[in-house]
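Hi,

Here's the structure I promised to pass on. Have a look around first, then read my notes below.

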Amino acid sequence: MNDSFLERRLSELSAGDQSVPLAYDDLRERARDALQQISYDYAVAAAGSGDTARANRTAFRRYRIVTRVLRGVTDPTIDVELFDQTAAAPIVLAPIGGQSRYHDEGELATARAAGTLGVPMALSTSASHSIEAVADVSDAGSQFFQLYWPTDWKVAKSLVERAESARYDAIVLTVDSQYPTLRRQVIPNDAEETHEPTRGVLETDPVVRARAEATDESVPSFIQSLEVDTGLTWDALDKLQKWTDLPIVLKGILAADDARLAAKRGIDGLVVSNHGGREINGEVAALAQLPAIVEAVGDDLTVFMDSGIRSGADVFKALALGADGVLVGRPYLFALAVAGERGVYETVLNCLAELESVMGSSGYSTVQEIDRDALIKRPSTCRDR
């Protein structure tokens, strides 16, 4: 075996170098112990009864891996090309806002870990640190900027231009989180003010600061008044494409027809996602929609899958169903809470090592070889439903 992620992690584990648990459930419980209750509740919150979040995990459990043998696999490789850039693995660290809730260094720690591993990180509009500060610590790692499009379009344009100037590699427009939602875990109103993290991306934006000055408001007060534009239509993408030459990815696509519309608009990529089950109770599982969306767009767009990824085996299943890559969210967030940069590094490395192990054990040398034949879908049961 060459110097693979698997070899690296096995070597570290044999040396007793382990800051976070390997198993997701154990990691989540460690994070619960490390965090204030309101921070933990915010991280695990799901819409309504949590039905969508459960559906995401059930969808993964229904697919089982079919092992192939005697295929001469010795050193599986998991590097991929994403928007003309080589990534060490088909994994992007999902955009999660306000990471200072979970660790003092927040997104800076996450960016350093991602850069060390050679995987992209997506920075949220609601991040605790600025676009430029995160770029500075990334160790030349690939970065995406996730945009929540505000009603003030000049702010949106400024954010996109800053990301391009800071040499980010793509713009990820979230399109499935426009409306407030009821979640099982809700931060009490009297705790919200003290719990609210810094908003480095917005607080450092020159248009935001100018707008606040013009309206005689404090910057934090003006930011509080900013709302996501619920009136966006497909035509808004024409404006976004004029603002930037970076690849544009739409996050939150679940319908094949929407995927086709994105392709017709010249969009570069999609994230098949239901926002981790946080937006709509009873929504379809993201993994369940992945095959139809891949079929709808063919090779015209880069397709990522998000929502419910917990392990390298999950990544393998998403790739087998046609995804070019996946977004991983809650696992690295919990690891950040437990052990900061080192925690993020270990948890993502665990995922990469398991992906290599699953590939090698099931007979696949490269990510590109993994296809639908690698899985079998077992019948649904009453328990699944």
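Which residues of the largest nonpolar core touch the most other members? They are Phe145 and Leu290, in a core of 121 residues. Helix α16 gives the most to this core, with 16 residues. Before you go further, keep in mind that this is a predicted model.

If you skip its neighbours within four places in sequence, Phe145 is in contact with Leu123, Ser124, Thr125, Ile131, Leu159, Ala163, Tyr168, Ala170, Ile171, Val172 and Val201.

How many cavities of 30 Å³ or more does a search of the whole structure find? The search comes back with 1, and the largest cavity has a volume of about 50 Å³. Its lining is made up of Val92, Ala122, Phe144, Val172, Val249, Val271, Phe304 and Leu327. Sorted by type, the lining has 8 nonpolar residues, no polar ones and no charged ones.

Now back to α16, which runs over residues 330-362 and includes Gly343. Is Gly343 buried or exposed? Gly343 counts as buried because its relative accessibility is 0%, and the cut-off for buried is under 20%. Leaving out residues up to four places away in sequence, Gly343 touches Val20 and Ala335. Also take a look at Leu27: 316 residues separate Leu27 from Gly343 in sequence, yet their C-alpha atoms are 9.9 Å apart in space.

Cheers

Conventions. Residues numbered from 1 in each chain as written. Predicted model: local features only at pLDDT ≥ 70, side-chain atom pairs only at ≥ 80, totals over all residues. Heavy atoms only, no water. Helix = DSSP H or I, 4+ residues; strand = E, 2+ residues; numbered from the N terminus. Buried < 20%, exposed > 50% of the residue type's maximum accessible area, 1.4 Å probe, protein only. Contact = heavy atoms within 4.5 Å. 1 Å grid on protein atoms, 1.4 Å probe; cavity = no way out; pocket = protein on both sides within 12 Å on 5 of 7 lines; lining within 4 Å. Points joined across faces, edges and corners; volume = space filled by probe spheres on them. Nonpolar A, V, L, I, M, F, W, Y, C, P; charged D, E, K, R; others polar. Core = buried A, V, L, I, M, F, W, Y, C linked by side-chain atoms within 4.5 Å.
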